[in-house]
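Here are some exercises to work through with the model open beside you. Try each task before reading its solution.

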Amino acid sequence: KFLGLIAVVGLLIGFTSCEGRQGEPGRDGLVNSKVIDIQIDQSQWNYSNQDNNNYFYGVISVPELTEHIYDNGLIKLYREYNSGTSNKSQVELPFVRHSEYLADEATNTWGFYTETVDYEFAVGAVTIFYTASDFDYELDTQFQPESMHFRLIMMW
């Protein structure tokens, strides 16, 4: 039992020890990081208009996302609700939420859909996607997703 405990402690030390120093990867266990706030206003969403696979997307230029960070870093994106207030909160992407809405008040008919917000990144850019499972925006051509605030976190 004691040897097993020593082996587990050794593994934990191996997994938690890091090398690197702020600005100088490879020394002293520190990591570089950068947090970037991203706002996509309602008017900035683009529509894909593809057969059988329609979605909205916003492409954000992020010059800080270098080839080095792309190859060696960790990129995380969070949607922030109530940004700038005391009751702000974040949810990590991809984000999936099931919702309902009153589709027809006269008949008290409810509609249901799943909203998905996800992303992909490349050197110098992040693309954020919005999809609703009912694809109702194909019928309502005036629909645009709401303005959304995001926080991009890069560590390398």
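This is a predicted model: local features need pLDDT of at least 70, side-chain atom pairs count only at pLDDT 80 or more; totals for chains, interfaces and linings use all residues.

**Exercise 1. Work out the order of helices and strands along the chain, then find the open sheet of five strands.**

Solution. First, count the elements: there are two helices and nine strands. Reading along the sequence gives α-β-β-β-α-β-β-β-β-β-β. Now look for the open sheet, whose five strands run in the order E2-E3-E8-E7-E6 with antiparallel pairing. Its edge strands, E2 (46–47) and E6 (95–104), each pair on one side only. Then zoom in on E3 (residues 56–61) and E8 (residues 125–132), which are joined by six bridges. As a landmark, find Ser-61, which stands opposite Ala-125 in E8.

**Exercise 2. Decide whether Thr-127 is buried or exposed, and list what it contacts.**

Solution. Locate Thr-127 in strand E8. Its relative accessible area is 14%; the cut-off for buried is under 20%, so Thr-127 is buried. Beyond its neighbours within four places in sequence, Thr-127 contacts Tyr-57, Gly-58, Val-59, Asp-118, Tyr-119 and Glu-120.

**Exercise 3. Describe the largest nonpolar core and follow the contacts of Leu-77.**

Solution. The core has 23 residues, and Leu-77 is among those with the most contacts inside it, as are Ile-38, Val-117, Val-126, Ile-128, Phe-150 and Leu-152. Two or more residues come from each of E1 (33–40), E3, E4 (74–81), E7 (109–122), E8 and E9 (148–155). Setting aside residues up to four places away in sequence, the partners touched by Leu-77 include Ile-38, Val-126, Ile-128, Phe-150 and Leu-152.

**Exercise 4. Find the three salt bridges and say which parts of the chain they link.**

Solution. Begin with Asp-37 and Arg-151, whose closest N and O atoms are 3.2 Å apart. Asp-37 is in strand E1 and Arg-151 in strand E9, so this pair ties together parts 114 residues apart in sequence.

Next comes Lys-76 with Glu-92, at 2.5 Å. This pair links strand E4 to strand E5 (residues 89–92), 16 residues apart.

Finish with Arg-79 and Glu-146, at 2.6 Å from N to O. Arg-79 sits in strand E4 and Glu-146 in the loop between E8 and E9, 67 residues apart. Check their accessibility too: Arg-79 is buried at 3%, whereas Glu-146 is partly exposed at 45%.

Note on methods: Residues are numbered from 1 along each chain as its sequence is written. Side-chain values use heavy atoms; hydrogens and water are left out. Two strands pair if DSSP finds at least two bridges between them. Helices (H or I, at least four residues) and strands (E, at least two) are DSSP runs, numbered from the N terminus. Buried means under 20% relative accessible area, exposed over 50%, partly exposed in between (1.4 Å probe, protein chains only). Contact means heavy atoms within 4.5 Å. A nonpolar core is a set of buried Ala, Val, Leu, Ile, Met, Phe, Trp, Tyr and Cys residues joined through side-chain atoms within 4.5 Å. A salt bridge is a side-chain nitrogen of Lys or Arg within 4 Å of a carboxyl oxygen of Asp or Glu.
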